[in-house]
Amino acid sequence: LQSFSERGIRALPTEMSPVGIWLPDGRPPGGGVWQLPGFSEGLFEVQDEGSQVIVQMTETKPGDRVLDYCSGRGGKTWGLVSMAAPSGEVLAW
């Protein structure tokens with residue numbers, strides 16, 4: 001949030017997800033999210049808050065083995081991997 005604020009981008013924590021950030025003004029000045037600090041480094045991805053909440057509700061812990069049997073583009077899978085890391089495993093289909 002601080003990094004966005006330093007660049008004049010209004011960013012707020014999401015209401016339900018403990019890991020979400022909301023940009024209430026929409027796209028940042030100058031274009032899309034790929035221009036935001038941290039995007040090209042892979043520090044975040046665009047995902048709706050509902051998907052973030054679903055991942056949090058799994059209560060996945062480091063070292064867990066998780067089966068994501070309904071994965072799509074991989075957003076929720078990515079969230080599960082971040083929760084199971086560094087010693088866990090996520091199998092996705």
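I count two residues as in contact when heavy atoms lie within 4.5 Å. The model I am reading is predicted.

**Entry: Val55 and the core**

I looked up Val55 with neighbours within four places in sequence left aside, and found Val55 in contact with Lys76, Gly79, Leu80 and Met83. I then listed the largest nonpolar core, which has 6 residues: Val55, Val66, Leu80, Met83, Ala84 and Val90. Helix H3, residues 75-84, gives the most to this core, with 3 residues. I noted another core lying apart from it, with 5 residues, including Phe4, Ile9, Ala11 and Leu36.

**Entry: helix H2**

I checked burial along H2 and found Ser51, Gln52, Val53 and Val55 buried. The buried residues of this helix pack against H3. At the N-terminal end of H2 I found Asp48 as the cap, with a side-chain oxygen 3.1 Å from the backbone nitrogen of Gly50. After H2 comes Glu59, and I read a positive phi there, near 55 degrees.

**Entry: Gly63**

I placed Gly63 in the loop between helix H2 (49-57) and strand S3 (65-68). Last, I compared Gly63 with Val53: they are 10 residues apart in sequence and 20 Å apart in space, C-alpha to C-alpha.

Note on methods:
Residues are numbered from 1 along each chain as its sequence is written. This is a predicted model: local features need pLDDT of at least 70, side-chain atom pairs count only at pLDDT 80 or more; totals for chains, interfaces and linings use all residues. Side-chain values use heavy atoms; hydrogens and water are left out. A nonpolar core is a set of buried Ala, Val, Leu, Ile, Met, Phe, Trp, Tyr and Cys residues joined through side-chain atoms within 4.5 Å. Buried means under 20% relative accessible area, exposed over 50%, partly exposed in between (1.4 Å probe, protein chains only). Helices (H or I, at least four residues) and strands (E, at least two) are DSSP runs, numbered from the N terminus. A polar contact is a pair of N or O atoms within 3.5 Å; within protein, one must be able to donate a hydrogen and the other to accept it, and residues adjacent in sequence count only if both atoms are side-chain atoms.
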